[in-house]
Amino acid sequence: MARRKIIAGNWKMNKTPSEAVALAKELIPLVKNDDVDVVFCVPAIDIVPVVEAVKGTNIGVGAENLYIEDSGAYTGEISADMIKDAGAKYVIIGHSERREYFAETDEFLNKKVKKALEKDLIPILCCGETLEQREMGVTIDFVRFQIKSDLVGVSADDAKKVVIAYEPIWAIGTGKTATSDQAEEVCAAIRTCLAEIYDQQTADEIRIQYGGSMNAANAAELLSKPNIDGGLVGGASLKPDFGKVVNP
Ligand code: PEP
């Protein structure tokens with residue numbers, strides 16, 4: 001089945017609000033493509049001005065994180081309602097940087113996925129192995145474990161809204177991209193896992209992105225693979241290069 005491609009930028013902890021607006025405006029003409037969903041996932045403080053800057057364009061805005069409660073004494077956190085009300089439609093969940101630096105477990109991430117879906121935000125759920133796991137030959141076992149744990153209790157109808165980002169940790173921000181065959185192998189295994197959890201039709205509807213040093217030079221090859229439905233792009237999303245990832 002034809003899945004609509006989705007290319008999302010992950011700006012990470014980069015760009016002040018005024019810098020974010022300037023970058024958004026620079027990228028708007030470069031990322032026009034009616035056949036692709038384009039998303040800017042930006043720091044929480046940049047959501048409101050970036051939503052305003054991209055109004056009337058084909059660009060959706062996403063948050064980079066959310067908290068599992070609706071409101072209350074959780075100093076420093078942001079809720080799904082806040083993200084929605086600010087005008088964002090997507091939220092990254094389980095990026096390897098959050099798993100590593102903020103000790104986010106799959107059990108916790110499962111709650112985040114459910115909260116995002118309950119509030120009508122589209123989760124971009126990240127998974128991916130370390131270099132050690134790849135070298136030990138447990139990549140697919142590990143990624144299957146992450147997907148199964150993160151989607152516990154999520155219905156098939158809700159799962160169809162989720163975007164999965166396969167991001168081998170050794171390829172993030174390192175300039176080492178997985179080969180298109182390596183990326184396709186794991187994305188195909190994720191789809192098989194989704195078919196086991198749900199059914200083939202559900203699995204066929206879920207979009208799976210590749211992320212890890214994706215850029216203008218390698219995007220076309222990665223995106224030509226049958227199970228790679230888009231990209232989650234870090235470094236290259238902060239540059240005009242992003243236009244060439246959307247329009248390779
Ligand atoms: C990311 O942070 O999700 C990512 C893929 O980063 P980069 O493209 O810089 O490797």
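1. Among contacts in the chain (heavy atoms within 4.5 Å) between residues at least 6 apart in sequence, 74% join residues at least 24 apart. The model is a predicted one, in which local features need pLDDT of at least 70 and side-chain atom pairs count only at pLDDT 80 or more, while totals for chains, interfaces and linings use all residues. Residues are numbered from 1 along each chain as its sequence is written, and side-chain values use heavy atoms, with hydrogens and water left out.

2. The chain holds twelve helices and eight strands, taken as DSSP runs numbered from the N terminus (helices H or I, at least four residues; strands E, at least two). Its radius of gyration, taken over C-alpha atoms, is 17 Å, close to the 18 Å that the globule rule (2.2 Å times the number of residues to the power 0.38) gives for 248 residues, so the chain is as compact as a globular protein of that length. The C-alpha atoms fill a box of roughly 45 × 45 × 35 Å along the principal axes, and 54% of the 248 residues count as buried (under 20% relative accessible area, with a 1.4 Å probe and protein chains only).

3. Helix α7 (residues 139-150) and helix α9 (residues 180-197) have axes, that is, lines fitted to C-alpha atoms over the stretch in contact, that come within 10 Å and cross at roughly 45°. That angle makes α7 oblique to α9, the word for angles that are not under 35 degrees (roughly parallel), over 145 (roughly antiparallel) or 65 to 115 (roughly perpendicular), on a scale from 0 to 180 degrees between N-to-C directions. On the α7 side the contact includes T139, I140 and V143, and on the α9 side it includes E185, V186 and A189. The residues of this contact divide into nine nonpolar, one polar and four charged.

4. The axes of helix α5 (residues 106-118) and α7 come within 8 Å and cross at roughly 50°, and the two helices are therefore oblique to each other. Here D106, L109, N110 and V113 of α5 meet F145, Q146, S149 and D150 of α7.

5. T177 lies in the loop between β6 (163-166) and α9, and is partly exposed (between the 20% limit for buried and the 50% limit for exposed), with a relative accessible area of 25%. Leaving aside residues up to four places away in sequence, T177 touches W170, A171, Y210, G212, S213, N218 and L222. The C-alpha atoms of T177 and S224, which are 47 residues apart along the chain, are separated by 15 Å.

Notes. Nonpolar A, V, L, I, M, F, W, Y, C, P; charged D, E, K, R; others polar.
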